[in-house]
Amino acid sequence: MVEKLNENFLNELFLSAFRSKSIFEVLADNLEFHYLPTQEYKEIWRAAKSHFSLLKELPSVGIIAEKCKDQVKILNQLDQIKNASIVEHKSLRNQIESYIRDVKLLTLYDEVGDLRQDGKKEEAIKALQKGAEDIANFSLQSKQSTRIFRDFNARYSEMLLQN
């Protein structure tokens, strides 16, 4: 069983994602619903991804609150997100990368164990090889490549928001 992400960390992570397109895009590609500890986080993430997918713009706490205005628990969670601390993007990426690697390892462990228990030794070995490669090569840093000139305005605006 995979541990869920801590709520304090998630509040900081969501706040950063709502302010940074690069963080949001990395999460959109890697943050799965079953990593989230409560239904409120899952609904917030579902609404945020839907907004981003449809409009190609970052959602905000206010936009998500408006979409979920009849759901008190979600509004309370959004208030906690809004009041979260601003954290360095690198720290957030490192922490979420570590968590995803751990999830991949536990999932691989279960898969290989099940295959071996079912007498599928060769399939277990192949799955272990492929899974180990995937874990070893997994990095959120490489997915954050910066285009020097094209991304200048976005990086500059992001820097101003952080200060």
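How many helices and how many strands make up the secondary structure of this protein? The count is eight helices and zero strands, where helices (H or I, at least four residues) and strands (E, at least two) are DSSP runs numbered from the N terminus. Along the sequence, this gives the pattern α-α-α-α-α-α-α-α.

Colleagues, a word on the basis of what follows. The model is predicted, so local features need pLDDT of at least 70 and side-chain atom pairs count only at pLDDT 80 or more, while totals for chains, interfaces and linings use all residues. Residues are numbered from 1 along each chain as its sequence is written, and side-chain values use heavy atoms, with hydrogens and water left out.

I begin with the whole chain. Of the 163 residues in the protein, 36% are buried; buried means under 20% relative accessible area, exposed means over 50%, and partly exposed lies in between, with a 1.4 Å probe and protein chains only. Among contacts between residues at least 6 apart in sequence, 69% join residues at least 24 apart, a contact being heavy atoms within 4.5 Å.

Let us turn to the interior. In soluble globular proteins, nonpolar side chains tend to be buried together. Here the largest nonpolar core has 35 residues; such a core is a set of buried Ala, Val, Leu, Ile, Met, Phe, Trp, Tyr and Cys residues joined through side-chain atoms within 4.5 Å. The residues with the most contacts inside this core are Phe14, Leu31, Ile81 and Ile96. Two or more residues each are given to this core by helices H1 (7–19), H2 (21–30), H3 (39–55), H4 (61–67), H5 (72–82) and H6. The largest share, seven residues, comes from H1.

What does Phe14 touch, leaving out residues up to four places away in sequence? Its partners are Leu31, Leu36, Tyr41, Ile44, Trp45 and Ile81.

Ser16 is buried, with a relative accessible area of 4%. Beyond its neighbours within four places in sequence, Ser16 is in contact with Ile23, Val87, His89 and Leu92.

In helix H2 we find Lys21, which counts as partly exposed at 43% relative accessibility. Lys21 touches Phe52 and Leu58, again not counting residues up to four places away. The C-alpha atoms of Lys21 and Leu58 are separated by 6.5 Å, although the two are 37 residues apart along the chain.

Between H3 and H4, the loop contains Lys56. Most residues other than glycine have a negative phi. Lys56, which is not a glycine, has a positive phi of about 60°. Lys56 is exposed, with a relative accessible area of 59%.

I come now to helix H6, residues 89–117. H6 has 29 residues and reaches 42 Å from its first C-alpha to its last, close to the 42 Å expected at 1.5 Å a residue; the expected span is 1.5 Å times one less than the number of residues. Its buried residues include His89, Leu92, Ile96, Tyr99, Ile100 and Val103. H6 is followed by Gly119, whose phi is positive, near 80°.

How are H6 and H7 oriented to each other? Their axes come within 8 Å and cross at roughly 175°; these axes are lines fitted to C-alpha atoms, for helices over the stretch in contact, and the angles run from 0 to 180 degrees between N-to-C directions. H6 and H7 are therefore roughly antiparallel, the word for angles over 145 degrees. The residues of this contact divide into ten nonpolar, one polar and seven charged. For that count, Ala, Val, Leu, Ile, Met, Phe, Trp, Tyr, Cys and Pro are nonpolar, Asp, Glu, Lys and Arg are charged, and the others, Gly among them, are polar. Among the residues that meet are Leu105, Leu108 and Val112 in H6, with Glu123, Ala124 and Ile135 in H7.

Leu105, in H6, counts as partly exposed at 47% relative accessibility. The C-alpha atoms of Glu123 and Val112, eleven residues apart along the chain, are separated by 8.2 Å.

Key
Parallel < 35°, antiparallel > 145°, perpendicular 65-115°, else oblique.
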